[in-house]
Amino acid sequence: MEVTPSLAEKRKAQKQKVQVFVRYFILTIVAIIMLYPIIWLVGATFKSNSEIFTSIGFIPKKIDFQAYIDGWNTKGNYTFTLYFINTFKYVIPKIGFTVVSATITAYGFARFDFPLKKIMFSLLMATMFLPQVVTRIPLYLFWKDLNMLDTYVPLIANSVFAQEPFFVFMMIQFLRSIPRDLDEAATVDGCSSFGILWRILVPAVKPALLSCVIFQFVWSFSDFLGPLIYITSQENYPVSLALKLNVDPSTNTPWNQVFAMSLISLLPAIILFFSAQKYFVEGVTSSGIKG
Amino acid sequence: MKKKKTGLIYVTPWIIGFLVLTIWPILASFYYSLTDYSLARVGQTPDFLGILNYINLFKDNTFIQSLKATLTYTVFTVPLQLGFALFVAFILNFKLKAIGFFRTAYYIPSILGGNVAVGVLWRSMFQPEGLVNTFLGTFGLQPIEWLSTPAGAMTVLVILKVWQFGSSMLIFLAALKDIPQDLYESSSLDGASKFTQFCKITVPLITPTIFFNLVMQLNNAFQEFNGPYIVTRKGPLNSTYLASMFIYDKAFKEFDMGYASAASWVLFIIIVCSTMILFASQKKWVYYSDGGGK
């Protein structure tokens, strides 16, 4: 080998440069391809219907908010104002109940011993893997018998009783990471078990609670199958059903209006994501996630 | 010491919910599956049929086709999604600048993916004159009949799901960060290529994470509903009429609760069996660093 050390080093450095370039190149191309549909969607909301499908460019010829106005007001009797209010009517209670019930349940599992605890914990874990498809029909009949169809109760009930194991499991993981010395010291000071939870543990797991809020918001806001099954009258429709309503007659879809409302329905999740990215990442990586 | 009752009080809401909203429905749906319970016939008490619903299901070509479609969908989406997630996580794990930017970019589709709006967007993108065909056209490629051919419609659904690889990627990325760097360093001194390192070091060390993602994604894919319902409907020749959509139609359009319950039990058993097979296979390929167990 006649290669001098400096030349070999140069080659190595060059090879490394190429490698780094290739990595960035792949990452960038993939990112562009992945995000382009969303970017294009933003542009399309300002285009006229005749312009939308003529080019792959996303920049509209002129900025026109008419699609937003027409889309929001819809051709029917109800506007998106109502659909958004309807959505929040179950999303907000659902978030509240989830946070409370998941924390309380997780506290019970993480800090106490009680009869059959091991079995119950296994059952809790097993429900993470339970295909929901099998419970859907009896639950529908259950709520029908209670005259609760077309109300938001069936959509909220699972959260009231901590039946979304992802959240319980995430809270258990976080509670376990907090040293027990803290609660023991408080017990000595005469703090009740609920006092310990409220005054010591809840403040310590605030990031986890925020993760619960954020995930439950995104999931329940975009939930489609639940409302599709339980919400029957249009005046109770949430945003997800209203959007589907707009594309049903496939012949003459006013795509720009549909896109405008689609984008608006995505905005809450996008805004939340950018303002609380840290909690998303923590939530996903601490316990693994569905979706 | 803490009283035994205290803990029970805290988990009581969960126990009630578990009995009423989880266990009871599972048992009830099995019972319904053995009857001809229908909401279409008002005031009639359901008759007990035994396993007749199940026999009829397996003679029902539409149901068999829906199982085939579900299986095709699962077999394509799960490996593609996980493979892609792992590949991108592997690249992101090199100390690159702007890793935060890329992580965000790749995760966004996972956040938005479940939304009806994305389904609607997908539907428009794959129209004959939609964004994708226009894009292909600029390269002089022929337009593809996405939604009007069985293979095309299935491809559209698979792309939609694979597009949402972000959350699997984040889980992989967290696992990759836990691999000690010196393992890579010593092996590159031995002259191992990046590819060898990936196969010999990375993959074995994160098998528990691969396993977890596999179980979760399999479960999701078998029950996929939004994609076909919003984007492709039944698809040409029922090619994207997935099992959960079949069950939905039988239960909530035809109100044939007994038959739909039986179909949901068939799907349930398929999912539970494949999950159990995966758990049983753990011993063969999943390496837990602390010596086994969960």
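What percentage of the 294 residues in chain B is buried? Select chain B: buried residues make up 43% of it, where buried means that 20 or more other C-beta atoms, placed from the backbone, lie within 10 Å of a residue's own. A quick note before you click on: this is a predicted model, where local features need pLDDT of at least 70, side-chain atom pairs count only at pLDDT 80 or more, and totals for chains, interfaces and linings use all residues. Residues are numbered from 1 along each chain as its sequence is written, while chains are lettered from A and ligands numbered from 1 in the order in which they are written.

Stay on chain B and switch to cartoon. You'll find 14 helices and zero strands (DSSP runs numbered from the N terminus: H or I of at least four residues for helices, E of at least two for strands).

Next, show both chains. Their contact takes 75 residues from chain B and 67 from chain A; two residues are in contact if their C-beta atoms, placed from the backbone, lie within 7 Å. On chain B's side, helix 1 (residues 4-33) gives the most, with 18 residues.

Now select residues 165-176 and 206-222 of chain A, which are helix 8 and helix 11. They pack at an angle of about 165 degrees, with axes 10 Å apart (lines fitted to C-alpha atoms over the stretch in contact, with angles from 0 to 180 degrees between N-to-C directions). Helix 8 and helix 11 of chain A are therefore roughly antiparallel, the word for angles over 145 degrees. Finally, show side chains: Phe167(A), Met170(A), Met171(A) and Phe174(A) in helix 8 meet Ala208(A), Ser211(A) and Cys212(A) in helix 11.

Methods:
Angles under 35 degrees count as roughly parallel, over 145 as roughly antiparallel, 65 to 115 as roughly perpendicular and the rest as oblique. A residue is buried if 20 or more other C-beta atoms lie within 10 Å of its own, exposed if 12 or fewer, and partly exposed in between; C-beta atoms are placed from the backbone.
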